[in-house]
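Here is a short tour of one protein model, written for someone who would like to follow along in a viewer. Please have the sequence and the structure open as you read.

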Amino acid sequence: MKVLVVEDESALSVQLAHSLGAAGYAVDCAADGDRGDFLARTEAYDAVILDLGLPRIDGLTLLRGWRESGLQVPVLVLTARDSWHEKVVGIDEGADDYVAKPFRMEEVLARVRGLIRRASGQASPALRCGAVTVEPRLARVCRDGVEVKLTAHEFRVLSYLMHHRARVVSQGELTEHIYAQDAERDSNTVEVFIARLRRKLGANVIETVRGLGYRMGS
Ligand code: CA
């Protein structure tokens with residue numbers, strides 16, 4: 001899973017990126033509206049955290065443009081403290097949720113998890129598929145109730161497949177959702193991650209759909 005942070009306060013942006021990274025997400029950061037717009041339109045994100053007061057293009061203008069052009073990515077808006085007006089306008093322009101500054105990082109992470117869960121049609125906070133359970137809140141994976149340690153990339157591959165269970169996900173789509181924008185990408189490495197996940201979680205948990213991609217559950 002991959003998240004975009006559009007925030008011009010660099011200390012806050014670094015803090016968000018660090019916490020999201022520790023929670024298992026690939027993270028890209030944009031420090032102004034132009035860059036945020038470019039990344040949101042060219043990369044595949046599972047959620048966007050959007051500050052409203054930004055240099056070059058403000059957050060509401062970005063959000064309006066994204067929704068007008070059909071971009072459906074879940075957006076969490078960061079509003080100024082006590083600004084009911086920003087909350088209302090943000091939601092009217094297509095925000096899915098908001099957090100007022102200053103905020104606790106735990107709240108932002110919980111809201112991002114909630115947005116991603118709802119966008120993928122999952123009701124339960126824990127994702128289950130056969131013997132495998134993923135708890136996004138703890139970035140924890142279990143097989144038959146026993147915790148299994150995964151690398152960050154393995155976790156993102158598994159998490160993406162679990163959030164899109166019963167659907168065939170192509171290697172290209174997986175690649176787009178597990179690497180930050182500046183990371184070197186090689187879609188062949190997806191095969192390596194899948195092989196390792198099968199070794200750790202059981203050979204049958206991830207099905208290969210020949211020529212199309214991978215699927216978990218049915
Ligand atoms: Ca700002």
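## Two helices side by side

In α2, residues G33, G36, D37, A40 and R41 meet L62, G65 and W66 of α3, contact meaning heavy atoms within 4.5 Å. The model is predicted, so local features need pLDDT of at least 70 and side-chain atom pairs count only at pLDDT 80 or more, while totals for chains, interfaces and linings use all residues. Residues are numbered from 1 along each chain as its sequence is written, and side-chain values use heavy atoms, with hydrogens and water left out.

Helix α2 covers residues 33–42 and packs against α3 at an angle of about 20°, the two axes lying 10 Å apart. That makes α2 roughly parallel to α3, a label for angles under 35 degrees. Axes here are lines fitted to C-alpha atoms, for helices over the stretch in contact, and angles run from 0 to 180 degrees between N-to-C directions. Helices (H or I, at least four residues) and strands (E, at least two) are DSSP runs, numbered from the N terminus.

## The sheet and its helices

Now to the strands. Five of them form an open sheet in the order β2-β1-β3-β4-β5, with parallel pairing; two strands pair if DSSP finds at least two bridges between them. At the edges are β2 (26–30) and β5 (97–100), each pairing on one side only. On average, neighbouring strands of this sheet are turned by 20° against each other, direction ignored.

Helix α3 (residues 59–68) packs on the sheet and touches β1 (2–6), β3 (47–51) and β4, its direction making about 145° with that of β3. Helix α5 (residues 105–119) also packs on the sheet, touching β1, β3, β4 and β5, and its direction makes about 180° with that of β5.

How is β4 placed, enclosed or open? Five of the five residues of β4 are buried, so this strand is largely enclosed by the rest of the structure. Buried means under 20% relative accessible area, exposed over 50%, and partly exposed in between (1.4 Å probe, protein chains only). V75, V77 and T79 point one way from β4, and L76 and L78 point the other way. Strand β4 spans residues 75–79 and is joined to the parallel strand β5 by four bridges, with L78 partnered by V99 in β5. Four bridges also join β3 to β4, again running parallel, and L50 has V77 in β4 as its bridge partner.

## Nonpolar cores

Nonpolar side chains tend to be buried together in soluble globular proteins. A nonpolar core here is a set of buried Ala, Val, Leu, Ile, Met, Phe, Trp, Tyr and Cys residues joined through side-chain atoms within 4.5 Å. The largest one has 46 residues, of which L16, Y25, I49, V112, L158, L161 and L174 touch the most other members. Apart from it lies another core of 18 residues, including L4, A30, L60 and L63.

The C-alpha atoms of A180 and E86 are separated by 30 Å, the two residues being 94 apart along the chain. For P125 and G114, 11 residues apart along the chain, the C-alpha separation is 7.9 Å.

Notes:
Angles under 35 degrees count as roughly parallel, over 145 as roughly antiparallel, 65 to 115 as roughly perpendicular and the rest as oblique.
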